[in-house]
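Notebook open, structure loaded. I'm jotting down what I look up as I go.

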Amino acid sequence: MRILATYNIKGGVGKTAAAVNLAYLAAKRGERTLLWDLDPQAAATYYFRVEPKVAGGGQGLLRGGKKGTTLDEVIKGTDFPGLDLVPADFSFRNFDLMLDDAKGSTKQLRKLLRPLEDDYDLVFLDCPPSISLVSESAFRAANALLVPVIPTTLSARTLEQLLEFLEGQARLDGLKVLPFFSMVDRRKRLHLESMAELPTRWPQFLKTSIPYASDVERMGVQRMPLPAYAPLSPAALAYQSLWAEVCENLPG
Amino acid sequence: MEYLIPDGLATEALEREIQEHLFCRVESAGDSEIIYYDTFDWALYSDGGFLTQRGDMLRWTSRRDGTACSQQLEAEPELVRDLPAGPVRARLPSGAENRRLLPMMRIQTKTRLLRMLDENEKTVVRLLLQSHSFEDPLSGRAGSLAARLRLEGVRGYDKERELLRALIEGKLGLGESEGPLLGEALRMVGRVPGDYSSKLDLRLDGAQRADVVTKQILSTLLVTLEANIQGAIANWDSEFLHDLRVATRRTRSALSQIKAVFPEDVVGRFKGEFAWVQQVTGPVRDLDVYLLAFDDYQASLPPELRSKLEPLRDFLLAHYEREQARLAEALQSESFKTLLGSWRDFLQRPVPSSSVVPSAMQPIKAVADGRIRSMAKRVRAEGRAIRDDSHPEELHELRKRCKNLRYLMEFFRSLYPAAQIKPLIKQLKVLLDHLGAYQDLAVQAHHLEDMAEQMQAEGRATPATLLAMGALVGGMLQRQQAARDGFAEVFAAFDDAEHWAQYRALFWTLEADKSSR
């Protein structure tokens, strides 16, 4: 089972869209895929038309076993074969505090996922923005971090902050960071310049970029992954080539 | 869960009825085709799995618990060993490496998908109304199968699934379908999965007349032989020819070893004709053996010589096409068809009510005892006569004797307690393998020397290649010598007093024979 987390310190960068669309594409290629919506905003859960509710909330999951809930019990199948979801829950907004109370707080997500090792080939963790115990726990669980970056100076700064944070964490040594450009508007000179410049500074940038497109925004109306309703749209094709590139760059 | 839609109930009517009860969205999921693959001898099925192709995805499914894995298919599957590495490839049995994956059945399905929705219009259960037709690629036969209703639950929505299940089983009164589509489709063409095996599995009646039972044995061998003709002609993989040759060899062995059950002129004629089959199928089999062992040949050489052996592979492949064409011609020839036709006629003809052929009317068990006894004694006597300086021909003769003994025990194994005859056959195989290695290495080394000369004459071999072939021959002769040196020890295990006592207990059934040594 390989675990990928989509993450950016900054919100609104196309993180959830990436998690939802890539998870859909992976499942369509035959990978048994689970998407865990860790963001209390519950956007991924909404896209899949699932109620944002986890019996027992985050606390129940952390308690686990007989007294609480196991992850296995709260998984919901989506409309797409091979793709399941752990829905978000409003209580996830306090997940940080709950993790703080739990023993070995940053190992908790990995521990919760372990029993599902044989059930899924791939797990996507859609993380909430900002650096918190939730995101740290996701970093520790993940094999790779997918970081959508809008090609602007401000976004570049958040990537820099993230990389600096990771550098200081010896136990995250094995974590592969895969940044890619998201919400790209080729009419904007700043975007084009940033896309030329940033990869020279961070060569780990993936070659595929995701365009800013109204098709992607319509995911909220359609309530399904983009490639499910507009498989040939430029953005859907971009996600497809992004997924191929991510697969090539995954460790192991 | 899958339910059979009874004959006479139109799927459209069923669909309307379901929609009356449930909030559903109907989607025509369209047509699909699934191809079931297996090796000719059902190696995958016997190993506990199904291999299917849908579009460009290859899927392996466990027969036991339904777990599955998939991998993308880049081209139509051919030999198991050529399938690209991936989760499916990893699940296929290693013993099937050299076999071709054949399409065993194609099933076309028309699907209407009904999605039961909740208030968010989220799918909570899927219902698939499916009508199926099949096509058997090997026989070309086609037809339709019973329509089915498939209930697919969505994880986390168990209540909704149970609700629908109650509707289907209660109100609609449908019964669960038995077994997978493949089984049903195969049944329609008179087959069952696993219906071919090159292994002899005869159930004989020891009290029956020897000529009747011998015909039963030979008929089984004829079925195996005929089953492999198409694959040997098309060269789907090397095992078709191998199985065809083994069935031929066993036929000849049965004809000569189950003595005095048929008139001599019949035996003489068919023995000669099957010898011709063995001869015309020999050259391709030899080339198969070399090509299958080629990687091992290379690996047996020092690393710097390995690549120098490649021209030999090219030489073998260059001859292969011509020899395969000759083989295909022989197997499609009138004389071969006539041979099989008259052989079948003979085997199907009822035995005469009385016969002057000495053993024809004896019970087969007495004949089997006598033949195995006599052959076992002969193996023991000839084996004991072999000294360190014996001529290689003597070991070759002993091998032939051992093979005949093995075939006799395999033909008649159902006449003896399985627990007692099985270890005897197993031990005999050890001796036979040893003698086989000794003989085959000598033949191959000799053949390679001939090929080296031929390659040189045709300008296909550089001195480096000839040196590499020389090293290969040297290695073979060394291993042959080792086999020769180890013979006494392997034979001693056969000649062991305790082991021999087991032979006596099983085959020396008459008092008179018990006293003979």
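Predicted model: local features only at pLDDT ≥ 70, side-chain atom pairs only at ≥ 80, totals over all residues.

I started with the domains of chain B: the assignment gives domain 1 (2-188), domain 2 (198-354) and domain 3 (363-517). These bounds come from an automatic or database domain assignment. Taken over C-alpha atoms, the centres of domain 1 and domain 2 of chain B are 38 Å apart. I then looked up the residues that touch: seven residues of domain 1 of chain B are in contact with eight residues of domain 2 of chain B. A contact here has the two C-beta atoms, placed from the backbone, within 7 Å. On the domain 1 side of that contact I find three nonpolar residues, one polar and three charged. For those classes, Ala, Val, Leu, Ile, Met, Phe, Trp, Tyr, Cys and Pro count as nonpolar, Asp, Glu, Lys and Arg as charged, and the others, Gly among them, as polar.

Residues are numbered from 1 along each chain as its sequence is written, and chains are lettered from A and ligands numbered from 1 in the order in which they are written.

Next, the contact between the chains. Chain A puts in eight residues and chain B ten residues. The chain A side of it splits into two nonpolar, two polar and four charged.

Then chain A as a whole. I get 13 helices and eight strands, where helices (H or I, at least four residues) and strands (E, at least two) are DSSP runs numbered from the N terminus. Its radius of gyration is 17 Å, close to the 18 Å that the globule rule gives for 252 residues, so chain A is as compact as a globular protein of that length. That radius is taken over C-alpha atoms, and the rule is 2.2 Å times the number of residues to the power 0.38. The C-alpha box along the principal axes is roughly 55 × 40 × 30 Å.

How much of chain A is buried? I get 46% of the 252 residues, with buried meaning 20 or more other C-beta atoms within 10 Å of the residue's own, C-beta atoms being placed from the backbone.

Last, strand 1 (residues 2-6) of chain A: four of its five residues are buried. Strand 1 pairs in the parallel sense with strand 5 (residues 122-126) over five bridges, pairing needing at least two DSSP bridges. There, A:Thr6 has A:Asp126 as its bridge partner. Strand 1 also pairs in the parallel sense with strand 6 (residues 144-149), over three bridges, and A:Leu4 stands opposite A:Ala144.

Conventions:
Buried ≥ 20, exposed ≤ 12 C-beta atoms within 10 Å, placed from the backbone.
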